[in-house]
Amino acid sequence: MRSDKGDVLVCLSANPKYFPDCGKDAKARKLKISAAKAGTIEIDSVKPGTYAVALIHDENANGKMDMRLFLPREGFGFSRNPKIGMGPPKFESAKFTVGAQDAHYAVRMNYIL
C-alpha cells in the first residue's frame with residue numbers, strides 16, 4: 001500500500017452477481033480495517049466454498065472508492081491478482097476455494113492515480 005492513511009474495505013463474496021461491489025450482497029463478509037494495520041487481514045469462520053475478495057484502500061475514509069474521470073483515485077485489489085483491464089475483473093478470474101484448512105492469499109494493491 002502506498003500509505004497508512006484511511007481504511008481498507010474488504011468484501012468476501014461467494015455470489016458472482018455481486019462481485020466486486022458486494023454492497024447489496026446480504027451474505028457477503030464486509031470488513032473495515034485501519035490501513036495502518038492492514039498488512040495482514042484475517043477473515044475468521046469462513047465456511048468451505050468458492051469466494052472472491054475485493055479490497056479498496058479508502059485513503060480518505062469516506063467509505064467508498066473515489067473516482068476521477070472514470071478512473072479510481074484510491075487503491076484496489078482482488079483475490080488471485082487478476083490482470084486489470086477496462087473495469088474490474090469478473091468473479092471467475094478472482095475466485096478461490098476455501099476447504100477445511102486455513103487458506104492464505106496475498107493481494108497486490110493497484111493504484112492508477
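This is a predicted model: local features need pLDDT of at least 70, side-chain atom pairs count only at pLDDT 80 or more; totals for chains, interfaces and linings use all residues.
Two strands count as paired here if DSSP finds at least two bridges between them.

Strand 3 covers residues 49-58, and seven of its 10 residues are buried, so the strand is largely enclosed by the rest of the structure. Look at its partners in turn. Strand 1 and strand 3 run antiparallel and are joined by seven bridges; within this pairing, Cys11 faces Ala54 of strand 3. Strand 6 is also an antiparallel partner, tied to strand 3 by four bridges, and here Leu55 sits opposite Gly77. Strand 7, residues 96-98, runs antiparallel to strand 3 as well, with three bridges between them. In that pairing Gly49 has Val98 as its bridge partner.

Now for some backbone details. Most residues other than glycine have a negative phi, and most peptide bonds are trans. The peptide bond from Phe19 to Pro20 is cis, with omega near 5 degrees. Pro20 belongs to the loop that links strand 1 (7-13) and strand 2 (29-34). Leu69 has a positive phi, near 50 degrees, without being a glycine. You will find Leu69 in the loop between strand 4 (67-68) and strand 5 (71-72). Exposed means over 50% relative accessible area, so Leu69, at 73%, counts as exposed. Arg80 also has a positive phi, about 65 degrees, and lies in the loop between strand 6 (75-78) and helix 1 (91-94). Its relative accessibility is 49%, and Arg80 therefore counts as partly exposed.

Let us finish with the pockets. The largest has a volume of about 840 Å³. Of its 29 lining residues, Ile41, Glu42, Ile43, Ala103 and Tyr105 lie nearest the centre. Strand 1, strand 3 and strand 7 each contribute at least two residues to this lining, and strand 1 gives the largest share, with three residues. By type, the lining of the largest pocket holds 19 nonpolar, seven polar and three charged residues.

The second largest pocket holds about 660 Å³ of space. Its lining has 27 residues, and Pro20, Ile56, Met65, Phe78 and Pro88 are the closest to its centre. Two or more lining residues come from each of strand 1, strand 2, strand 3, strand 5 and strand 6. The lining of this second pocket divides into 20 nonpolar, five polar and two charged residues.

Definitions and conventions: Residues are numbered from 1 along each chain as its sequence is written. Side-chain values use heavy atoms; hydrogens and water are left out. Buried means under 20% relative accessible area, exposed over 50%, partly exposed in between (1.4 Å probe, protein chains only). On a 1 Å grid over the protein atoms alone, a cavity is a set of points where a 1.4 Å probe fits but cannot get out, and a pocket is an open set with protein on both sides within 12 Å along at least five of seven lines; lining residues have an atom within 4 Å of a point. Grid points are joined across faces, edges and corners, and a volume is the space filled by probe spheres set on the points. Ala, Val, Leu, Ile, Met, Phe, Trp, Tyr, Cys and Pro count as nonpolar, Asp, Glu, Lys and Arg as charged, and the others, Gly among them, as polar.
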